[in-house]
Amino acid sequence: MKLLKQSVMWFGVCCLLMVGLNVSAEEKKKVWGKDRSITQITDSVYRFGSDGQYGAYILTSEGIILVDGHYCQSNTTQWLKSELDKRYDVPVKYVVLSHDHQDHICHTDIFNDTAITVGHRNLLPHILREKRDSAVPSVLFNDEMDIVLGGVKVVLMFFGPTHSDNLIQVHIPEEKVLIAIDMAKGKSIFPDYRDMEVNNTLEVLKKLANLPDVDIVLPGHGPVKTQQNFIENGNYIKALRDGVLDLMVEGKSLDEIRKLIKLENFDDFKHKERWFDTNIVTMYHYLYRYREPNNRITPEEATECRDTRNCRTSGEINI
Ligand SMILES: [Zn+2]
């Protein structure tokens, strides 16, 4: 039951596909989309969302550039389409997908009648393989791409694998807005690091914290932020990475590390109590792929590691 509940909460907090998951009675009662809203941020940039999750759009005289859809269950993407039709006499010309996670892009195909869908080159195989309920991108880019519409320049940037291997940042430099879906986490943590490239994420958080022409940061979850959020989140990830790595080098097993590491300086981070253990476990497995201990593992230890996941990473052994 505990695992079941954790899975449901994980879905709510972050961003991966969990179709077919059994849900708790509490979650079944949830009424989605009650608090749908559209908020103007700057001259051209608007934020939309519900249920604590947000996308954005850029309104120009020649059309709209939409960034992301929403949760499948909320139907907020469909609501947004009707609102855009009511409010404006220009169509959605581009749908930009921040990354492939289902909860941020669901139902974006309803804009296919007027829009071209854009994303990072790595996005497409995920969309196809996982059969995402999403528009399928027809324009793909590698490192950076500009969309200029109605005199407004929108810069799409890819800094390498981070939260996923296809997450991009969307910058509107003239209005000093950065749309940083699932990157602007601030004092909130992810449930796990299964598909995060941790080392590069730390580098990219530094770049985003120092990116010029940014006054306002729009995250995919929670309130509007500033660039300070990148520093706060990076401090936590770095402390976790370094703490787990130090204990691995000392030869501590995963079970020992789970008991030893505390990071009490970050107790004010949202969801820390709930997700700290899975943070440790998945950080351990991430780091495991980056190092070779001095002493080779014995066949018996390999079997134990396989069967119990209690894997020795270093230290003395007797052969
Ligand atoms: Zn995500």
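Guide: We can start with a glycine. This is a predicted model. Setting aside neighbours within four places in sequence, Gly69 is in contact with Gly55, Thr77, His104, Ile105, Cys106, His107 and Thr108.

Visitor: Where is Gly69 found?

Guide: Gly69 sits in the loop between β4 and α3.

Visitor: Is Gly69 buried or exposed?

Guide: A residue counts as buried if 20 or more other C-beta atoms lie within 10 Å of its own. Gly69 has 29 other C-beta atoms within 10 Å, so it is buried. As for distance along the chain, Gly69 and Phe48 are 21 residues apart, while their C-alpha atoms are separated by 9.3 Å.

Visitor: How many residues does helix α3 have, and what span does it reach?

Guide: Helix α3 covers residues 76–87, which is twelve residues. From first C-alpha to last it reaches 16 Å, close to the 16 Å expected at 1.5 Å a residue.

Visitor: Which residues of α3 are buried?

Guide: They are Thr76, Thr77, Leu80 and Leu84. Seen down the axis of α3, the buried residues fall within an arc of 95 degrees, so they line one face of the helix.

Visitor: Why do residues three or four places apart point the same way?

Guide: Because an α-helix has 3.6 residues a turn. In α3, the face turned away from the buried side carries the exposed residues Ser82, Asp85 and Lys86.

Visitor: What do the buried residues of α3 pack against?

Guide: They pack against three strands: β2 (45–50), β4 (63–67) and β5 (92–96).

Visitor: Which residues touch the most other members of the largest nonpolar core?

Guide: That core has 49 residues, and those touching the most other members are Ala56, Tyr57, Leu66, Val95, Val96, Ile179 and Ala180. Strand β3 (residues 53–60) gives the most to this core, with five residues. Domain 1 (32–181) and domain 2 (183–213 + 223–296 + 313–317) both give residues to the core, so it lies between them.

Visitor: What is Val95 in contact with, leaving aside neighbours within four places in sequence?

Guide: Val95 is in contact with Leu66, Thr108, Phe111, Ala115, Thr117 and Ala135. There is also a second, separate core of 19 residues, which includes Met248, Leu254, Phe269 and Met283.

Visitor: How many helices and strands does the chain have?

Guide: The chain has ten helices and twelve strands. Of its 319 residues, 40% count as buried. Among contacts between residues at least 6 apart in sequence, 61% join residues at least 24 apart.

Technical notes. Residues are numbered from 1 along each chain as its sequence is written. This is a predicted model: local features need pLDDT of at least 70, side-chain atom pairs count only at pLDDT 80 or more; totals for chains, interfaces and linings use all residues. Helices (H or I, at least four residues) and strands (E, at least two) are DSSP runs, numbered from the N terminus. The expected span of a helix is 1.5 Å times one less than its number of residues. A residue is buried if 20 or more other C-beta atoms lie within 10 Å of its own, exposed if 12 or fewer, and partly exposed in between; C-beta atoms are placed from the backbone. The arc is that of the directions from the helix axis to the C-beta atoms. Two residues are in contact if their C-beta atoms, placed from the backbone, lie within 7 Å. A nonpolar core is a set of buried Ala, Val, Leu, Ile, Met, Phe, Trp, Tyr and Cys residues joined through C-beta atoms within 7 Å. Domain bounds come from an automatic or database domain assignment.
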